[in-house]
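What follows is what I noted, in the order in which I looked.

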Amino acid sequence: MFNVGDNVIYGNTGICIIEDIRLEDFLGKKETYYILRPLQSKGSMIFCPVNNVKVTMRKVITKEELDRILTFHNCPTVSWIENDHERRDCFSAILKRCDTAELSATLRLLYKRKDELSDTNKKLHASDEKALADCERILFGEISHILSISIEEAADMFKSKIK
């Protein structure tokens, strides 16, 4: 269970702060909800049932965990899948799990593939571009938050580590 004031990653939304935990009545069903405020989407509020199992919600990783991931020490590898549908499903599953190390590995793979394709004047498939953008948004948002730097600085730092 999380507490008011905790910073969490909530699905593809990215970093949220838990503003409140309270009983709400929606459509005659009373349930306890986390009231989340996304940090990258000003003015939004998300009501997430405490017993939610559909959307991944986890604590933001520590600086030490981030350092390990950014040095790619014991990080998972993600391999390119030639079949577009299987690859889309794989990336969707990774995004749904919101595991920082997996997102990092996926982003490295997508950057590598994008570079390979650009050498032959080709582009990533639209679903790959979407996965790349989602990985960047979630991962760079988390890095930015942990290190108290801008999203752009987080992106630059990540990209410099993979060159």
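I took helices (H or I, at least four residues) and strands (E, at least two) as DSSP runs numbered from the N terminus. This is a predicted model, in which local features need pLDDT of at least 70, side-chain atom pairs count only at pLDDT 80 or more, and totals for chains, interfaces and linings use all residues. Residues are numbered from 1 along each chain as its sequence is written, and side-chain values use heavy atoms, with hydrogens and water left out.

I began with Phe26, which lies in strand β2 (residues 14-26). Phe26 is partly exposed at a relative accessible area of 37%, where buried means under 20%, exposed over 50% and partly exposed in between (1.4 Å probe, protein chains only). Ring pairs join Phe26, Tyr33 and Phe47 into a cluster; rings of Phe, Tyr and Trp (its six-membered ring) pair if their centres lie within 6.5 Å, with planes under 30 degrees apart counted as stacked, over 60 as edge-to-face and the rest as tilted.

I then counted the aromatic pairs and found six in the structure. One of them is the tilted pair of Tyr111 and Phe158, at 6.4 Å centre to centre and 55 degrees between the planes. Tyr111 sits in helix α3 (residues 100-118) and Phe158 in helix α5 (residues 151-161), so this pair ties together parts that are 47 residues apart in sequence. Tyr111 counts as buried at 11% relative accessibility, and Phe158 does at 0%.

I also noted that Phe140 and Phe158 form a tilted pair, 5.8 Å centre to centre with 55 degrees between the planes. This pair links Phe140 in helix α4 (residues 126-147) with Phe158 in helix α5, 18 residues apart, and both Phe140 and Phe158 are buried.
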